[in-house]
Amino acid sequence: MTEEQPEEVRRLEEAIAALDAIEDDEACAQAVSLILDAWPEHGKRLAAIRQQRVQRLHDQRRLSWATIGAMLKRRNGKGVSGARAQQIATGQSGYQAHKRKEEAKRAAQEQADE
């Protein structure tokens, strides 16, 4: 990524590198296991924080979904679509959106087959 990462992202990556650098295999495996065990809750909390902030950007700052999507940079440096930004604001996961799209596609195919 060419842009400088936020301090919090850098610290998370440093923490992961520190885990990897633990010389004692048992201690490292135990520490990583504790983190992975708690990760589902951390992931939910992070998603909730992002959802709330994206919604505020739209409601309070009156930014378009496309503008917000461009702000949500991924590791490849590209943002997400405006539609995806809107889904994030409503708490819809990427998996849920994909599943709904596949279900609609399947229903359309079944209707065409009738």
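**Salt bridges and a helix crossing**

A: Let's start with E14: at 42% relative accessibility, E14 counts as partly exposed. Keep in mind that this is a predicted model.

Q: OK, and which residue forms a salt bridge with E14?
A: That's R10, and the closest N and O atoms of R10 and E14 are 2.1 Å apart.

Q: Why are those two separated by about one helical turn?
A: Because R10 and E14 are four residues apart in helix 1, that puts about one helical turn between them. Helix 1 covers residues 7-20.

Q: What else does R10 form a salt bridge with?
A: R10 also forms one with E7, where the closest N and O atoms are 2.4 Å apart. R10 and E7 sit three residues apart in helix 1, so about one helical turn separates them.

Q: So which residues are linked in a network here?
A: E7, R10 and E14 are, through salt bridges.

Q: Is R10 buried, exposed or something in between, and how much?
A: R10 is partly exposed, with a relative accessible area of 34%. E7 counts as partly exposed too, at 36% relative accessibility.

Q: How many salt bridges does the structure hold?
A: Three. One of them is between K44 and E41, with the closest N and O atoms 3.4 Å apart.

Q: Where are K44 and E41?
A: They're in helix 2, and because they are three residues apart there, they're separated by about one helical turn.

Q: Buried or exposed, those two?
A: Both K44 and E41 are exposed.

Q: Why would such side chains pair at all?
A: Side chains of opposite charge can pair when their charged atoms come close.

Q: Switching topic: how do helix 2 and helix 4 cross?
A: Helix 2 spans residues 25-59 and helix 4 spans residues 82-89; their axes come within 8 Å and cross at roughly 115 degrees.

Q: Left-handed or right-handed?
A: Helix 2 passes helix 4 in a left-handed crossing.

Q: Which residues meet there?
A: From helix 2 you have R50, Q51, V54 and Q55, and they meet R84, A85, I88 and A89 of helix 4.

Q: How do the residues of that contact divide into nonpolar, polar and charged?
A: In the contact of helix 2 with helix 4, four are nonpolar, two are polar and two are charged.

Technical notes
Residues numbered from 1 in each chain as written. Predicted model: local features only at pLDDT ≥ 70, side-chain atom pairs only at ≥ 80, totals over all residues. Heavy atoms only, no water. Axes fitted to C-alpha atoms, helices over the stretch in contact; angles between N-to-C directions. Left-handed = near helix turned anticlockwise from the far one by under 90°. Contact = heavy atoms within 4.5 Å. Nonpolar A, V, L, I, M, F, W, Y, C, P; charged D, E, K, R; others polar. Salt bridge = Lys/Arg side-chain N within 4 Å of Asp/Glu carboxyl O. Buried < 20%, exposed > 50% of the residue type's maximum accessible area, 1.4 Å probe, protein only.
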